[in-house]
Structure formats: C-alpha cells, structure tokens
Amino acid sequence: MAKDPMLKFVSKPQAYPHKREAELRAEDFAEIADRYAPVAAADQASRCSQCGVPYCSVHCPLHNHIPDWLRLTAEGRLREAYELSNLTSTMPEICGRICPQDRLCEGNCVIEFSGHDAVTIGAVEKYITDTAWEQGWVEPVEVGPSRGQSVGIIGGGPGGLTTAEYLRVAGYDVHVYDRYDRMGGLLTYGIPGFKLEKDVVMRRIKRLEDAGIHFHANFEVGRDATLDDLRAKHDAVLIATGVYKARAISTPGVGLDGIVPALDFLTASNRKGFGDDVPAFDSGALNAHGKDVVVIGGGDTAMDCVRTAIRQGARSIKCLYRRDRENMPGSQREVANAEEEGVEFVWLSGPKGFDGNGKIERVHVAKMRLAAPDASGRRTPENDPEGDFTVNADMVITALGFEAEDLPVLFGAADLNVTRWGTIRVDHKTQMTNLDGVFAIGDIVRGASLVVWAIRDGRDVTEHMHSYLNSKAGRERIAA
C-alpha cells in the first residue's frame, strides 16, 4: 500500500515562494514572488491535515474544494487538481494572487491554530493554474446550444465576466458593456502589476472573447444608451458595475491641487504600464516621482497606493491610519511587503487639515487613540489632543473606500430603486431589482467587497437569470 503523502505539517515547515529582494522588486511592476517548483508545491500541499471539517473551504467565499486539490497536488496529479479548482472558480490563478488568504482560507487553517503555520493555499492555487495554462489544460469555453435569447451585462469586472462565461456555456448570446477601453475592471486598472500582472487578466478575457462573448468597450450607459435601451435590446440585463466613487473626506484644505483619489492614481499607473498616453501622469499630477507622498487609509487599496508610489520613485512615503496595526482592515502581508520596500506607517493618526499655496504642501495630523469597541467589535478611534503634528507633502492620496454612484441618474433610469446608501435594492433570493429582468450583483448591491465575492456572485446569479430567462421564454411561447 502506498504511503499517504499528507499530514506532513510537523516534518515540513511552511515555505512561501521566494520573494525578490525589496530593493530590486521596487524597481519594476513585475510580481514580487517566484512560482513554486513542482517539488516545493507538492511538499507544501502535503502539509494539509485533511481535517474532517475543512475550515479553509468553509471560510472561502467560493467554497473551493481546497483539501481535495491539495491532496491531488501532493500526489503529482496536477491536471486533476486544476480541473477540481476550476469547478468552483472561473479565475483560480487570479484568486491565488490577490485573495486575502490570511483573512480567509489560510487564516482559518486548522494547523495554523495548532502552531505549525497554515498551508500556503494561495501560492499552491496560483501554481496549479499557471501550470495548467502552460500545459494547455485550460480548454476553450464550451458553448451550449443557442437558446435564442441575449443578456446584456453592464460592467466588465470579475463579477460581470464570471456571469458572462456561465451564461455563454448555457447557450445565451452575451454582450458586456464597460466604460473603460479594456475589460477586467479593477483587475485591469485598479490592482497593480506587482500583485497581478496584466497578461494574466488579458488571457482570461481573450478566452471569453474567443467563446463569442461580445465586448463593448468605451461604452457608458446613460451616454451611449439608457438602461431602458438595453432592456429593449436584451432579454435580461445584469448590473455589475462595482463602486468607483471615492469616499469624500471633509477636511479643511481638501480642494488643494495634489490631493488625489486612490483609484485615479492607480488607474493612471496601470495605463502607463500598458503603454497608453496618460497626460495626467506625464504632467506629474498623478505621478509620485520625486515627491513626499502621504497616503490616507489602511485597506488593501492604500497598500496598493503606497507600493505603487515606491515604484514611481517617490522621495518619501507615509501611510496614515487612524487605528493601530492590529485593527487595520488591509492584509498584514501587504503591510509587511510595504515596510520592506520603505513605506513608513504612522499608526493612530488621521488628517486634521491640509494647507499650501494653491497646492498641497503640508498635512496637519491628529493623533488618535483607541476607545472601547464599537458594535462590530473593533475599537473606536478618538482624538488624542496632546499629540497633533504636521508632515510635509507634495502629494496626498486618499484611500478611504468607495461609494455607489447615482445609477438612477447615471443610467437615465429614475425608476430603479436604491437603498439609502445608494446601492441597488434587490430581492436577495433572486438578485432581481424592482425592474423586471434587471439583476444586480457585487459591490453595487452590498457596498465595497472583495474580488472573490464578485466571482461568487457572478456564479450564483447565473442560476437566477437562467430560471428567469426560461420562464420568460415559456411566457412568450404561450403568448404566441
């Protein structure tokens, strides 16, 4: 009987793929870590305890079959491991790169609780699917027999693309409309290349294009067509726009030049990486080169900004966050990467005011302290009046999260119902809005969320849309 390759967490220590030295990786936007060699991937997969209740899968929004494909990897059955990981995710290599595993699967790994360090699930997932692409195991989308119905999807981000793939497999004619000139949403323009190189995204989009999905770039609903126009053209419509409106900061001096929203800064940088003409970058307005940069915020977007500024050649970079390190929402791995690359974190601090002669020159900072926990369990920050100070800044990047745009106005759809937060109101059993045949998913429904949640929502809403389209076809046959 062959020896079981698993449960090696006692004899084999945790080992992530090798990261390039901080000084070297800060010179470019390439991903910072190597990929596992086959033996290393098998060794790390073999550390899985194969526990009876796999908390890694329970805490994965996609409920990936993680212990099963770890076993297959340890046994060298990589093609089967890929096929299993691909059953629950349309973008496993993207999730392996950018999901916050330390808060999800790896953060809930049983052997982590036993003091042996979690299985490196994300790095193994990335290895499996990158190998599948290299070996030609990623097959074309298998398009089902035509149903004679079409679906319009507003938003070419991860949720929209996932839904587009599943609907195309089911035989629907699918059209994706996006305001940008490339599909991918935040995968393309929001997340920097050092976390997700763009060819990884583009090959996924090319696969969908080859499947006959129609992409309409530079298309703004409300400008190029109203929501009602799309409803008339398609049998069903999905709103998967995400939330892109920067959360406002009400601080004296906020209107000074040089104070920029995070997404504007990141989009300009990613466009430059594609080789686009970016006047705002070339003029210095969205370029951190040679500047004293202050980033305000403690989430993953703030981490993307500070690490992008490093690569653009900023003179100094400070990140202000109103809570301490233990209470920040962003990935602790990203904080560690940023610190290695030279970012200074100023914990328990927040902007009190900005000043300068028409352009940002200084940030007045209020020192904070943590009071009792709020309803969510996080300790509430409050001003510490004894600790205010000032820092110099040529550029301030605000990374305070995102809010919903006014879609009823933007889409020319005054009758589209929204919540008091501006997110779209849906029936949470079907994801349908108050408009017949119009569905919505992702950030635009729940507020800001994770890419992996958008992928899950895209997978789940497909079933609801399929049921609706079937019933619509039946109603039309009866009427005829």
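Which residues touch the most other members of the largest nonpolar core? Select Trp69, Leu70 and Leu187: these three do, out of 69 residues in that core. A nonpolar core here is a set of buried Ala, Val, Leu, Ile, Met, Phe, Trp, Tyr and Cys residues joined through side-chain atoms within 4.5 Å; buried means under 20% relative accessible area, exposed over 50%, and partly exposed in between (1.4 Å probe, protein chains only).

Before going on, note that this is a predicted model, where local features need pLDDT of at least 70 and side-chain atom pairs count only at pLDDT 80 or more, while totals for chains, interfaces and linings use all residues. Residues are numbered from 1 along each chain as its sequence is written, and side-chain values use heavy atoms, with hydrogens and water left out.

Now zoom in on Leu187. Leaving aside neighbours within four places in sequence, Leu187 is in contact (heavy atoms within 4.5 Å) with Met91, Ile94, Ile98, Pro158, Leu196, Lys198, Val201 and Val451. Then pick Val260, Leu286, Met328 and Ala338, which are among the 31 residues of a second, separate core.

Next, the charges. The whole structure has 48 salt bridges, each a side-chain nitrogen of Lys or Arg within 4 Å of a carboxyl oxygen of Asp or Glu. Show Arg25 and Glu340, whose side chains meet in one at 2.5 Å, N to O. Arg25 is buried at 1% relative accessible area, whereas Glu340 is partly exposed at 41%.

Move on to Asp304 and Lys195, another salt bridge (2.9 Å, N to O). Both Asp304 and Lys195 are buried.
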